[in-house]
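Colleague: Could you take me through this model one residue at a time, and tell me along the way what the terms mean?

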Amino acid sequence: MPTVPVTDLEDGDFLLDVREDDEWQAGHAEGALHIPISEFVARYGELTEAAPQDGRVHVICRSGGRSAQVTMYLVQQGIDAVNVDGGMQHWHATGRPVVTDDGKPGFVL
């Protein structure tokens, strides 16, 4: 499965967060699209509308398990998708900002 380390992500890369609502509300990467894995198939159209046409979708969850499942699904649909290795735990550990919906500092649940 295609995987990328957090350290390879650049500002402006399209990020899909598939964690559940309580995890998202605690803290997330600014600018990420949030579609919980439990709602992903029903809300798939939101991703196809928001994702860059010829760009890559970077899929993230807490540690990498759920995002791996979504990444495999997206690749099967012909979408250029990669799993973000280590998820939001590595995101936070590398010093990348974690924010709440109102822009205040958040945390990884």
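Colleague: Where is Ile 60 found?

Modeller: Ile 60 is found in strand 4, where helices (H or I, at least four residues) and strands (E, at least two) are DSSP runs numbered from the N terminus. Please keep in mind that this is a predicted model, in which local features need pLDDT of at least 70 and side-chain atom pairs count only at pLDDT 80 or more, while totals for chains, interfaces and linings use all residues. Residues are numbered from 1 along each chain as its sequence is written, and side-chain values use heavy atoms, with hydrogens and water left out.

Colleague: And is Ile 60 buried or exposed?

Modeller: Ile 60 counts as buried because its relative accessibility is 0%, given that buried means under 20% relative accessible area, exposed over 50%, and partly exposed in between (1.4 Å probe, protein chains only).

Colleague: Which residues does Ile 60 touch, then?

Modeller: Leaving out residues up to four places away in sequence, Ile 60 touches Leu 15, Leu 16, Asp 17, Val 18, Arg 19, Ser 67, Val 84, Gly 87, Met 88 and Trp 91, where contact means heavy atoms within 4.5 Å. Pro 105, by contrast, is 45 residues from Ile 60 along the chain, and their C-alpha atoms are separated by 19 Å.

Colleague: What about Val 57, where is its place?

Modeller: Val 57 is also in strand 4, which covers residues 57-60, and with a relative accessible area of 1% Val 57 is buried. Not counting residues up to four places away in sequence, Val 57 touches Phe 14, Leu 16, Leu 47, Ala 51, Leu 74, Ile 79, Asp 80, Ala 81 and Val 82. Phe 14 is 43 residues away from Val 57 along the chain, yet their C-alpha atoms are separated by 5.5 Å.

Colleague: Which residue does Arg 19 pair with?

Modeller: Arg 19 forms a salt bridge with Asp 17, and the closest N and O atoms are 2.8 Å apart. Arg 19 is buried at 0% relative accessibility, and Asp 17 is buried with a relative accessible area of 0%.

Colleague: And which residue does Arg 66 pair with?

Modeller: Arg 66 forms a salt bridge with Glu 23, with 2.8 Å between the closest N and O atoms. This pair links distant parts of the chain, as Arg 66 is in helix 3 (residues 65-76) and Glu 23 is in helix 1 (residues 21-26), 43 residues apart. Arg 66 counts as partly exposed at 23% relative accessibility, whereas Glu 23 is buried, with a relative accessible area of 9%.

Colleague: What does Arg 56 do with Asp 80?

Modeller: Their side chains meet in a salt bridge, at 3.1 Å from N to O. Here too the pair links distant parts of the chain, with Arg 56 in the loop between helix 2 (44-50) and strand 4, and Asp 80 in the loop between helix 3 and strand 5 (81-85), 24 residues apart. Arg 56 is partly exposed with a relative accessible area of 39%, and Asp 80 counts as partly exposed at 36%.

Colleague: Which residues are linked in a network of salt bridges?

Modeller: Glu 39, Arg 43 and Glu 46 are linked in that way.

Definitions and conventions. A salt bridge is a side-chain nitrogen of Lys or Arg within 4 Å of a carboxyl oxygen of Asp or Glu.
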